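Student: I would like a close look at a single part of this structure. Please take one region and describe it in a connected way, along with what surrounds it.

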Amino acid sequence: MVQYNFKKITVVPNGKDFIDIILSRTQRQTPTVVHKGYAISRLRQFYMRKVKYTQQNFHEKLSTIIDEFPRLDDIHPFYGDLLHVLYNKDHYKLALGQINTARNLIGKIAKDYVKLLKYGDSLYRCKSLKVAALGRMCTVIKRISPSLAYLEQIRQHMARLPSIDPNTRTILICGYPNVGKSSFMNKITRADVDVQPYAFTTKSLFVGHTDYKYLRYQVIDTPGILDRPFEDRNIIEMCSITALAHLRAAVLFFLDISGSCGYSIAQQAALFHSIKSLFMNKPLIIVCNKTDLQPLDGLSEEDTKLVTEMKAEALKTVMGQGGEPTNEEGVLLTMSTLTEDGVIAVKNAACERLLDQRVELKMKSKKINDCLNRFHVAIPKPRDQKERPPCIPQAVLEAKAKQAAEKEKKKTEKDLENENGGAGVYSASLRKNYILANDEWKEDIMPEILDGHNVYDFVDPDILLRLEELEQEEGLRQAEEGDEDFEMDGIDLTPEEQKALAEIRKKKSLLIQQHRIKKSTAESRPIIPRKFDKDREFTTERMGRQLSQLGLDPSLAVDRARSKSRGRKRERSLDRRDSDGEAMDMDIDQPSKKLRLRSRSQSRSKSRPPSEVVPGEGFKDSKQKVKAIKLGKKSVRKRNKDARRGEADRVIPTLKPKHLFSGKRSIGKTQRR
């Protein structure tokens, strides 16, 4: 059970937000309307209430901060030293002390100004005292803004700390950087610690959990430690030292015998001897990792001697009952996290030794005597030398044998599929479970019935032979047609004509392909105006040449195309309704002004009046259409007045809008609200 959950600490606002929260709450929760005509006692009470309420809010918020942050002297020494390593205990206590001082100062300010408000003689004097009181409180909060920001950063960092229970069964992994500690933890737990081929990948404590004999063990992966003086170690290394010093756990000291971590066995042995004082009274196991690169038997004599010395020290540090060294088994183990050889053996050995030590300590404690007094084991004494084996009735033995036979695993379709070639080869039979009078009928071929007749009756036994004859006949006919075409192409035509015919056929096929492409992309192809046709494929000159090649006169078609594409002129001499003869007889050089204006206005397009009847609208005449338009406008008038979107809009608007019916009501009539 985890005793410390730092994730539940309330967020610490900065100075400005702190002031805004308190003052807005005071404004919302206390009366806001006062008049100078009130009795002086009522005025004093009004402003005293505001000062007291503000002080209470400040006191509650600051007390919450002080109470929720852990006190380093009251928590477990492991967490106390860990917080000291990460945040500096002096700064931490100083920040909380400033919060406590600010809380006391705000209480004194409120007390002093409440006394002054008791003797306020006017509305202005009381209001000025209230403003001064709230201003001094806010000034105190502004002065502790750095402490609030510092505590908020600590809160965020503490929320990311792993939840470590110092009193539960714990396995601690330590050693030089890059010796395989995180890889081992990923193998035996469900933790996902980052593993990289360089040193100090793990920069903080990581926690995972594993099971052994139905008990849960927490596994802690510590950052790598270097062999140097205690004062020179950084924060990352001090986290490991803190865990080794304060946690009652089984220690796994990892040793990279291959040297691929960048440190020799002599350096790792020196580190072991420098921190061996932290291993006292703890189960210690030396784990030789990366045996896939360098087996333990292949080490040199010097390295073997160093490993043997470490093993001897491990036997001395692990104290059993009576102060004697424990059994040598399980003190020096080998494994490889890459091939997973020996990983489970190391885990089981660590869990077993830790369990034995915890049981031994409990047996030595005083509480065990109280528990043993409650137990009594009764052992019956034999009354004679006659043997009395257990007697089991035959019916019971038969029933047990029958149950054992029923418990045998029944073969499923999946098992049959795996036995007969797997998926794609084995096909499950759907007929083997049919309930028929005779089991031999299950695999009979079922007749297919169509319109009351068996389909097999229509099957011709000679169908394949007839089909082959038809194919031969079709092949002969195609060969004859091919010969006829060849004769026509080869004999009747000269080589020049054959060449021209081939070009014609080729061009024809290209035109067919272009037509199909245009037809397939007609919907998505954009319509480009003629003036943007940069290739100039569709021009009047091209149309004229093609018509001339066909033997037609292109002049009329070209003139018509040009008249269609030419834009409308700004002035025209005559109305289109005038005849050509009349236009020739008129004096074009001196047209009258009235005629020119009339011709211009009539040349423009006119808008159709609403009352004009267009064929297909369903109206008899313009009078009926005008009447229909009026009725339509009349029908939507009420809907538009109610701001409806259409005939189907049945929305019921908010009958009491919140902005008109919420909040404090001022003195006076409220009928307009």
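**Aromatic pairs and the strands beside them**

Tutor: Tyr 176 has a relative accessibility of 5% in this predicted model, and since buried means under 20%, Tyr 176 counts as buried. The ring of Tyr 176 pairs with that of Tyr 263: the centres are 4.4 Å apart and the planes are at 35 degrees, a tilted arrangement. Tyr 176 belongs to the loop between strand S1 (170-175) and helix H7 (181-188), while Tyr 263 belongs to the loop between S4 and H9; the pair therefore ties together parts 87 residues apart in sequence.

A second pair also involves this region. The rings of Phe 253 and Phe 279 have centres 6.4 Å apart, and their planes are at 65 degrees, so this pair is edge-to-face. Phe 253 counts as buried at 0% relative accessibility, and Phe 279 is buried with a relative accessible area of 0%. Across the whole structure, a search finds 11 aromatic pairs.

Phe 253 and Phe 279 are also among the residues that touch the most other members of the largest nonpolar core, which has 109 residues. Others in that group include Leu 252 and Ile 275. Helix H4 (residues 89-117) supplies the largest share of this core, 11 residues. In soluble globular proteins, nonpolar side chains tend to be buried together.

Next, the strands. S4 (residues 250-256) pairs with S5 in the parallel sense over 6 bridges, and Leu 255 has Cys 288 in S5 as its bridge partner. Between S4 and S5 the chain passes through helix H9 (residues 265-274), and this β-α-β crossover is right-handed. S5 also runs parallel to strand S6 (residues 332-334), to which 3 bridges join it; Val 287 stands opposite Leu 333 in S6.

How enclosed is S5? In strand S5 (residues 284-289), 6 of the 6 residues are buried, so the strand is largely enclosed by the rest of the structure. Both of its faces are covered: Leu 284, Ile 286 and Cys 288 are buried on one side, and Ile 285, Val 287 and Asn 289 are buried on the other.

Conventions
Residues are numbered from 1 along each chain as its sequence is written. This is a predicted model: local features need pLDDT of at least 70, side-chain atom pairs count only at pLDDT 80 or more; totals for chains, interfaces and linings use all residues. Side-chain values use heavy atoms; hydrogens and water are left out. Buried means under 20% relative accessible area, exposed over 50%, partly exposed in between (1.4 Å probe, protein chains only). Helices (H or I, at least four residues) and strands (E, at least two) are DSSP runs, numbered from the N terminus. Two strands pair if DSSP finds at least two bridges between them. A crossover is right-handed if, with the strands pointing away from the viewer, the path from the first strand over the helix to the second runs clockwise. A nonpolar core is a set of buried Ala, Val, Leu, Ile, Met, Phe, Trp, Tyr and Cys residues joined through side-chain atoms within 4.5 Å. Rings of Phe, Tyr and Trp (its six-membered ring) pair if their centres lie within 6.5 Å; planes under 30 degrees apart count as stacked, over 60 as edge-to-face and the rest as tilted.
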